[in-house]
Amino acid sequence: MPPATPPKDRLRLALQKSGRLSADSLDLLARCGIKVKTPKEKLLLHAENFPIDLLFVRDDDIPQLVMDGVCDLGIVGTNVLEETALERHTNGAGAGYELQRTLDFGGCRLAIALPEERAYATPADLAGVRIATSYPQLTKRYLAAQGVAAEVVVLTGSVEIAPRLGLAEAICDLVATGSTLEANQLRAVETIFKSTAVLIRGARELDAVKAHALELLLRRIDGVQMAAEAKYIMLHAPKSALPQIKQLLPGAENPTILPLAGDDTKVALHAVCQEAVFWETMESLKRVGASSILVLPIEKMML
Ligand code: PRT
Ligand code: ZN
């Protein structure tokens, strides 16, 4: 069935087709209540219940698609975004975009790593070293800022094997857990960029219909992201312990206090905590007299 909204009124969002950001990007949209039929063999999918079309592409293409106005929105790592923006500046191409939201997935860092046995104290030790990377712009920017003259060798994949192949003495690559570096007997010595997935939009102004849809989408994303952190806490407490209990609740405002049937000395307390509730917090609550403590996840939130 064709979508109810005409294409010109539908937002077009570029997403990674397959890779580390794909599942989380689709999951975010699903949590925002946006339904798409998942067969991703299709390049372009229409959402069934929201005026948005999804374009599935390689992550490296996402910044261009947004900056060139082919797509209104994109979800991409800031590593790829910043590298593309720097490259376009270097080439004199426009690199306009607006950051809409920082997302809670895709976290990693771009780090310079050396063979484990190689001595390193300061960035000056990189002088004259060949550094293999898929991020030449970010690497060169870091080296320039440090005033270090090193050679940047561009590789598009498997950067971590460059030292063993004798292509370079160091690498500058993305690190998440660090296990890839460890498996290749490398150690990170400098973090040059911290990355996370973001939602961006092009610099061009949207017409009123699309602008309204974007506003709605952003509000839902905020609701999902707030809910991901937040917890609903319920407990029983002696009335006398309420001041201490309220102080222990992380990021909670105005809890609801309800009477407990058959017990005048105790009340039930319900509160939304904006931050994680750790075991340590629950243990402290118990110590000041709380009992029957329940911590529940929150699916959606609108303040
Ligand atoms: O095909 P396409 O071009 O779309 O995908 P891709 O292969 O270029 O990218 P992909 O799917 O690997 O990563 C997409 C994005 O995920 C990256 O641009 C980052 O923004 C983000 N991301 C988060 C990561 C990692 N974590 C990550 N660990 N991207 C890559 N890695 C790689 C890293 O390059 C290294 O090889 O994972 C390895 C290190 O992982 P650890 O856990 O061993 O440290
Ligand atoms: Zn890529």
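Visitor: Where is Gly-166 found?
Guide: The model is a predicted one. Helix H5 covers 162–165 and strand S9 covers 170–175. Gly-166 is therefore placed by these limits, in the loop between helix H5 and strand S9.

Visitor: Is Gly-166 buried, partly exposed or exposed?
Guide: Buried means under 20% relative accessible area and exposed means over 50%. The relative accessible area of Gly-166 is 43%, so this residue counts as partly exposed.

Visitor: How are H3 and H4 oriented to each other?
Guide: The axes of helix H3 (residues 78–90) and helix H4 (residues 136–146) come within 8 Å and cross at roughly 80°. Angles of 65 to 115 degrees count as roughly perpendicular. The orientation of H3 and H4 is therefore roughly perpendicular.

Visitor: How do the residues of the contact of H3 with H4 divide?
Guide: From H3 come Asn-79, Glu-82, Glu-83, Leu-86, Glu-87 and Thr-90, and they meet Pro-136, Gln-137, Leu-138 and Arg-141 in H4. The residues of this contact divide into 3 nonpolar, 3 polar and 4 charged.

Visitor: What is the arrangement of the donor atoms around the zinc ion (ligand 2)?
Guide: Asp-59 (OD) and Asp-60 (OD) coordinate the zinc ion (ligand 2) at 2.0 to 2.1 Å. Four donors count as tetrahedral if all angles lie between 85 and 135 degrees. The 4 donor atoms here subtend angles of 75 to 171°, so the arrangement is irregular.

Visitor: Which class of accessibility does Asp-59 fall into, buried or exposed?
Guide: Asp-60, at 34% relative accessibility, counts as partly exposed. For Asp-59 the relative accessibility is 18%, and the cut-off for burial is under 20%. Asp-59 therefore counts as buried.

How values were computed: Residues numbered from 1 in each chain as written. Chains lettered and ligands numbered in written order. Predicted model: local features only at pLDDT ≥ 70, side-chain atom pairs only at ≥ 80, totals over all residues. Heavy atoms only, no water. Axes fitted to C-alpha atoms, helices over the stretch in contact; angles between N-to-C directions. Helix = DSSP H or I, 4+ residues; strand = E, 2+ residues; numbered from the N terminus. Parallel < 35°, antiparallel > 145°, perpendicular 65-115°, else oblique. Contact = heavy atoms within 4.5 Å. Nonpolar A, V, L, I, M, F, W, Y, C, P; charged D, E, K, R; others polar. Donors = N, O, S within 2.8 Å, 3.2 Å for Na, K, Ca; no water. Tetrahedral: all angles 85-135°; square planar, octahedral: opposite > 155°, others 65-115°. Buried < 20%, exposed > 50% of the residue type's maximum accessible area, 1.4 Å probe, protein only.
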